Amino acid sequence: MISSPSMEVTDVGDYLKLGACTAVMAQPILTDALASGPSIATQTGIGVVYNLVKYTAPAFIFGILYTTTRLTLNQTALTYTDYLRQQWHALFIPTIWWTMIYLILMPQLQQGSQYHDWRGFFWQFVNGNAAPHLWYNTMMLQFIILMPLFWALGRWCQSRPRRGWIVFGGTTLVAVLWLWFYDQQVFHGPHSRDWYLLDRLFISFQIFGFYGMLAWVFRDTFQRMLNKWWPGLLGLIWTNWELFSYGFPVNLRNAPYYKPSMTGYALAVIGLLAALCEIQACRQRPFSKFVHFFAGMAYKAYLANVFWSELLWRGFGRTLMVKAPWLSIALCYGLTWLLSFTTAFGLHAGWMRLKREYEHD
């Protein structure tokens with residue numbers, strides 16, 4: 001009989017989710033800072049830092065699939081309905097509430113077009129255009145809905161480990177073809193404007209989802225591979241060269257996720273964070289408990305981060321940017337992280353208290 005996996009264990013997914021959430025909060029602040037028209041030197045620094053934290057979506061997807069596979073793959077008594085019910089409360093409801101907050105309280109943050117009627121409101125609600133970062137939710141929730149596919153492939157690989165190479169090879173081939181297609185047709189291609197919604201489809205990040213699942217199924221092999229993660233950091237040099245080859249002023253649209261250089265860099269950072277987890281969690285370092293505790297709120301903090309960064313930027317960041325650019329960026333970033341996690345923990349505690357009182361009554 002297979003014992004139920006513990007949710008209290010700190011795993012690779014925790015380090016990836018918290019690392020990704022911490023890094024991604026810098027992106028909207030860097031975007032606002034660049035839009036203020038800083039000096040060439042500051043633009044260069046912003047471009048480098050932006051690329052440095054651009055591993056976030058791949059790492060979060062990898063981490064989500066790693067942990068979810070660990071917790072659910074062999075729990076045959078867990079039905080798809082029960083699984084979706086759990087995810088509805090953990091992920092879907094926070095997404096719905098925060099999307100409404102952005103559309104109603106901060107409509108200026110919408111991407112693409114603005115809504116003018118209920119049809120437009122609904123379209124902006126579901127396509128991820130309600131705020132700059134909500135495209136990611138539209139894409140990530142597809143992985144949650146498609147989890148039976150990962151269960152099926154994971155169990156198929158478990159029974160005959162050699163099948164893992166088939167999944168690995170097929171995933172890699174699809175990723176290579178997708179990157180080529182996106183480069184030719186979307187990124188500075190003929191459909192850069194009308195096909196922009198492709199970046200929030202499941203297939204765009206499927207390599208990191210399948211790799212995350214495989215990393216847990218073949219965790220011994222994955223752990224041995226962690227000693228070889230570092231060459232992928234060359235992707236950061238490559239992607240910086242690509243960004244600055246377009247000249248100045250720096251345009252962050254020239255730093256998309258869908259490039260071979262960024263894919264290699266993201267996989268390298270995933271390896272780095274996974275190696276850090278193996279060192280700290282196996283030795284039961286106190287920091288690993290902190291990571292596990294905060295990783296549980298990473299998604300909810302992510303939903304809140306643009307709300308706070310927008311208020312902070314309008315409150316003092318934009319003004320301070322003129323005199324002290326990096327101080328403005330650092331203060332907005334630090335306070336955004338603190339307020340986002342405070343909001344996540346506070347709302348969770350408030351909801352649990354209301355739930356207990358309701359059940360008691």
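Student: How are H7 and H15 oriented to each other, roughly parallel or roughly antiparallel?

Tutor: In this predicted model, local features need pLDDT of at least 70 and side-chain atom pairs count only at pLDDT 80 or more, while totals for chains, interfaces and linings use all residues. Residues are numbered from 1 along each chain as its sequence is written, and side-chain values use heavy atoms, with hydrogens and water left out. Helix H7 (residues 135–145) and H15 pack at an angle of about 155°, their axes 11 Å apart, where axes are lines fitted to C-alpha atoms over the stretch in contact and angles run from 0 to 180 degrees between N-to-C directions. Angles over 145 degrees count as roughly antiparallel, and therefore H7 and H15 are roughly antiparallel.

Student: Which residues in H15 do those of H7 meet?

Tutor: Contact means heavy atoms within 4.5 Å, and helices are DSSP runs (H or I, at least four residues) numbered from the N terminus. On the H7 side the residues are Tyr136, Asn137, Met140 and Leu141, and in H15 they meet Tyr299, Tyr302 and Leu303.

Student: How are the rings of phenylalanine 294 and tryptophan 337 arranged, stacked or edge-to-face?

Tutor: Rings of Phe, Tyr and Trp (its six-membered ring) pair if their centres lie within 6.5 Å, with planes under 30 degrees apart counting as stacked, over 60 as edge-to-face and the rest as tilted; the structure holds 39 such aromatic pairs. Here the centres are 5.8 Å apart and the planes at 15°, so the pair of phenylalanine 294 and tryptophan 337 is stacked.

Student: Where is proline 249 found?

Tutor: The peptide bond from phenylalanine 248 to proline 249 is cis, with omega near 0°. Proline 249 is found in the loop between helix H12 (234–244) and helix H13 (260–282).

Note on methods:
Helix = DSSP H or I, 4+ residues; strand = E, 2+ residues; numbered from the N terminus. Parallel < 35°, antiparallel > 145°, perpendicular 65-115°, else oblique.
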